[in-house]
Amino acid sequence: MKRHFAALAAGITLGLATTAASAQQLTEIKISYQPAVYWALPFYAAAEKGWYADLGLKPVFSTFPAGVPQIAASASKSWDVGALGSVPATLGAARYNLLMIGISNDESDGNAIVATAKTAAGFEKNPGSVKGQTIVLTANSTGDYAVQSCLAKWGLKKADVTMKSMGQAEIMSAMSSGNADLAGLWAPNTYTMEEKAGAKQICSGKDAGAAVPGAIVARADYAKENPQNVAKFLAVYLRAWNWLNAHQPEAIAMMKKFYEQGGVTISEASMKKEFSTRPTYDLAGQLRIMRRPPGGASEVDGWFTKIGAFMQANGTFPEAPAASKFITDEYMKMIDADPKLKEFANRSN
């Protein structure tokens, strides 16, 4: 399922130049994401501020309910670049030749097991009480990775519980109606269940010691043919995060509007929690975590190697793709080597 946009949906103003002459100078780039999630906020902010046009790009957006249908759509070349969770990004590398070109955020704290109030109270008395219970989650997702990491922390195996796969909206409906007690959710859905259903987060990926990065991706064929467009896309994304982090009151107002357009309403306290619990990376930070020492692996390589091992153990694929085969800092380095692009990416205004 997808929707293509000449602009962002539901009345979002792109802020692009409107004259025919200006439009002819812009190069179209197709960007995919999932609505009402923290790491997609920079796409909205950049569109509002007109930063794509500043670098000669015209974004066309498509949205998806989760990562698996998003990566499947890349096979038809319906999008060029985008962002999604690290688990579907790894699957996309294995099946659809996607490249991981940057980290959108650290969402280790934003993927978690959420329990109803009664179940959470029982868990606090006895963590082993999770054994034998049913956990509803979205299979092959960062939420799934967080759930299994938490089980391992408690000395439990996947076989010790019953896992039922559902979409995130179905999971929240099941919990709200009393048909599920334990769920694997990601933010802001975790906040929605806490605020509207009295649920409680009992373990996150961070609690279990699992790094859960968000991925910025590109189709390998598109990146090879259009490296400058990919570098410009990344520069816009980095600038947007710099601005959002430097102007939090305005960013919160922007987040509220963006989330509501995606059908999500959470409190301002929860929106602030998004910023405080989910670190992002500027250009220098991206280069640092993606840098490979001679003959060695980068920090990001290590994160995705563990994610690949988790997916292989799940039977997602017979052999996980080597991190070095699909993770590249080439386009971040292009920004760093171009004084004008680097200055643009590092702006916070």
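Strand β7 (residues 134–137) and strand β9 (residues 182–186) pair in the parallel sense over 2 bridges. Two strands are said to pair if DSSP finds at least two bridges between them, and helices (H or I, at least four residues) and strands (E, at least two) are DSSP runs, numbered from the N terminus. The model is predicted: local features need pLDDT of at least 70, side-chain atom pairs count only at pLDDT 80 or more, and totals for chains, interfaces and linings use all residues. Residues are numbered from 1 along each chain as its sequence is written, and side-chain values use heavy atoms, with hydrogens and water left out.

**The sheet and its helices**

- I135 has L182 of β9 as its bridge partner.
- Helix α6 (residues 117–125) packs on the sheet and touches β6 (111–115), β9 and β10, where contact means heavy atoms within 4.5 Å.
- The direction of α6 makes about 50° with that of β10; axes are lines fitted to C-alpha atoms, for helices over the stretch in contact, and angles run from 0 to 180 degrees between N-to-C directions.
- Helix α8 (residues 168–176) also packs on the sheet, touching β6, β7 and β9, and its direction makes about 140° with that of β9.
- The open sheet is formed by 5 strands in the order β8-β7-β9-β6-β10, with mixed pairing.
- At the edges stand β8 (162–165) and β10 (200–204), each of which pairs on one side only.

**The disulfide**

- The count comes to 1 disulfide, defined as a pair of cysteine sulfur atoms within 2.5 Å.
- This link joins C150 and C203, whose sulfur atoms are 2.1 Å apart.
- C150 lies in helix α7 (residues 142–153) and C203 in strand β10, so the pair ties together parts that are 53 residues apart in sequence.
- The link of C150 and C203 is left-handed, with -95° about the S-S bond.

**The nonpolar cores**

- A nonpolar core is a set of buried Ala, Val, Leu, Ile, Met, Phe, Trp, Tyr and Cys residues joined through side-chain atoms within 4.5 Å.
- The largest such core has 90 residues, and F43 and I335 have the most contacts inside it.
- Helix α11 (residues 227–246) gives the most to this core, namely 12 residues.
- A second, separate core has 16 residues, including A115, F123, V161 and I202.

**A buried serine**

- S298 is found in the loop between α14 (283–290) and α15 (299–313).
- S298 counts as buried because its relative accessibility is 6%.

Conventions:
Buried < 20%, exposed > 50% of the residue type's maximum accessible area, 1.4 Å probe, protein only.
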